[in-house]
Amino acid sequence: MSAQMTPVRTGDPHLAVHGLSVRFGGLSALDDVSLDVREGEVVGLIGPNGAGKTTLFNAVCGLVRPSAGTIAVGGEPLPPDPTRLSARGVARTLQGLGLFRGLTVRENVLAGRLGAADPGTDAQRQLDALDLAAHADRPVGDLPYPEQKKVALARALVAQPRLLLLDEPAGGLGPDDIAALGDLVRHTAATGCAVLLVEHHVDFVMSVCDRVVVLDFGRVIASGTPDEVAGDPAVDEAYLGIEVTAS
Amino acid sequence: MTGRQRLPGQRPLLRTLLVAAGWTVVALAGTFALDPFRNYQLALVAAYLCATAGLTVLVGATGQLSLGHAALMAVGGYGFALTTNALPFGGIPAFVLALLAGVLASAVVGLLLGLAAARLSGPYLAGLTLAVVVALPAVASTWSTVLHGDQGVQIPFEGVPDGLRRVVALEQWQAMVAVLVTAAVVTSLTVLRGGRFGLRMLAVRDDEVAARLSGIPAGRVKVLAFTASSAAAGVGGAVLCFVAQAVSPGAYTVGFSLLLVVAVVIGGLGSILGAALGSVVIVLLPWLIGRLTSNLPADAAQRLDGNLAVLVFGLLLITVMAVAPHGLHGALVARRRRTTPDVPRPTAEPAPRKVLVPTEEQR
């Protein structure tokens with residue numbers, strides 16, 4: 001697969017998060033979190049349930065307001081307004097499907113590109129690229145779950161984002177679909193897009209990501225290459241809840 | 001690249017206008033075949049259609065439930081009446097100016113309501129809009145020097161223009177004006193719903209967070225949709241005032257406001273044709289019931305007067321929801337699909353694909 005063979009391009013951090021804290025009343029959901037994602041890089045964000053992964057996504061997208069810290073995309077601060085993300089080249093998929101159930105496949109993809117002069121052409125190109133053109137005029141709810149996941153991805157990709165945030169993209173998919181999803185993520189990164197993904201499927205994360213950041217109780221407890229993170233005792237402790245002694 | 005391209009599947013504007021013009025001509029021609037009372041009923045249907053078409057676009061496309069569209073009709077009616085009385089001249093120019101004033105008034109009230117509505121949903125929004133209708137008589141009483149309390153505002157009699165007086169009767173003229181105005185409203189709403197704004201409304205209805213992440217300003221879309229829907233209701237109120245030559249709070253009760261919602265649901269939520277069918281139902285059903293009860297003894301007829309219509313509307317609503325959950329228009333569409341010969345669906349059983357990025361060969 002050529003997408004997998006393409007060398008990863010790295011450069012300046014495209015997404016730079018520094019000292020990010022988010023509090024919900026007395027609960028600290030994120031505490032002084034810093035991470036960055038470079039162009040062409042795939043970074044995985046993992047951690048146990050409630051670690052703050054989706055909260056970090058929500059903070060980047062402006063859906064929750066941080067109590068401290070900065071978020072910059074392409075060197076410029078990101079305004080806390082979800083509707084302006086698209087214009088800044090940021091796209092995100094949601095933890096569920098996040099599809100518009102009353103619309104067709106094509107309309108769902110069009111919805112991600114309505115600000116463009118010719119969204120129809122862009123949507124068709126994206127439908128072709130993800131092999132969805134045959135289903136284009138069907139109601140999106142008629143499609144099998146993996147195909148619906150592809151529609152959600154197509155809607156995120158149609159605006160040709162420079163930063164792609166994927167929230168549990170492998171959730172609910174079988175092994176073959178997960179492998180195909182890995183191809184797509186690597187292919188997208190190979191075009192220079194920075195990819196940050198939240199995922200519980202550890203094997204997927206380890207096979208696709210260039211770097212992995214591990215969150216626990218809102219703090220970064222480990223980061224590095226997949227191999228480095230896999231051997232980190234703090235990660236085992238966070239996942240297994242027991243203290244692991246490094247051999 | 002010049003300008004913004006049409007969306008795939010979006011009907012060309014010219015075609016929409018031609019279809020609208022065709023239906024308008026048919027309706028105008030139809031007025032010549034109707035007697036004065038039927039023309040009066042046609043004018044009522046047209047006036048109600050303005051409100052129900054706006055309401056069905058609002059509820060069906062954005063998911064915002066308004067129980068207060070009668071109040072917005074009243075605002076349009078009062079705007080029309082007060083402007084008509086303030087103008088030193090009459091005729092068609094006065095009608096057009098008063099209509100615009102009525103639309104403007106209802107759009108402004110709709111904008112204010114829409115700003116609140118964008119932050120509310122479900123029962124909270126329904127409660128807010130219902131409160132507006134409930135408050136209408138109190139508003140008319142509070143500003144009784146202008147709105148004349150329960151009596152309402154009368155407008156001077158405006159007959160058929162001189163050039164047409166030999167050809168058409170008053171009721172027919174009123175029906176023709178109502179049809180023309182309603183055609184403009186329905187066409188505008190059709191264009192609004194069929195384009196990019198329509199897709200934005202549907203996206204906001206289905207998943208507001210996903211819509212915002214797709215760059216769709218959900219709050220602005222909801223406010224604009226509410227304003228457009230209110231303006232349409234205002235036109236309906238103005239047309240009703242033109243036909244009745246008066247506007248009063250007693251014509252815009254909570255019951256009437258709920259009846260507009262019933263019309264939209266019976267016709268088929270989100271369908272403008274359904275709104276037209278629903279408007280016909282709410283005009284004709286009370287009349288039909290009145291005809292049936294007129295043969296009963298006077299005492300029984302008096303007891304049933306008004307009450308039976310409400311009961312029948314309730315039963316009709318339950319029946320339609322049980323038999324055709326998508327309303328009359330939905331049932332018509334389903335029937336047409338059943339009678340159309342089956343065309344093999346190329347996408348019925350797609351070949352299993354396990355590639356997200358197909359190679360050239362796989363394509």
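How far apart do the C-alpha centres of domain 1 of chain B and domain 2 of chain B lie? They lie 20 Å apart. This is a predicted model: local features need pLDDT of at least 70, side-chain atom pairs count only at pLDDT 80 or more, and totals for chains, interfaces and linings use all residues. Residues are numbered from 1 along each chain as its sequence is written, while chains are lettered from A and ligands numbered from 1 in the order in which they are written.

**View 1. The two domains of chain B.** Domain 1 covers 13–252 and domain 2 covers 253–338. These bounds come from an automatic or database domain assignment. Domain 1 of chain B puts 26 residues into the contact, and domain 2 of chain B puts in 21. Contact requires C-beta atoms, placed from the backbone, within 7 Å.

**View 2. The side of domain 1 of chain B that touches domain 2 of chain B.** At least two residues each come from α2 (36–62), α3 (69–86), α5 (122–142) and α7 (170–194) of chain B. Helices are DSSP runs (H or I, at least four residues), numbered from the N terminus. α2(B) gives the most, 13 residues. This side holds 18 nonpolar residues, eight polar and no charged. Ala, Val, Leu, Ile, Met, Phe, Trp, Tyr, Cys and Pro count as nonpolar; Asp, Glu, Lys and Arg as charged; the others, Gly among them, as polar.

**View 3. The side of chain B that touches chain A.** Here 30 residues of chain B meet 41 residues of chain A. α8 (196–206) and α9 (208–213) of chain B are the elements giving two or more residues to this side. α8(B) gives the most, with seven residues. The chain B side comprises 17 nonpolar, four polar and nine charged residues.

Note on methods
Two residues are in contact if their C-beta atoms, placed from the backbone, lie within 7 Å.
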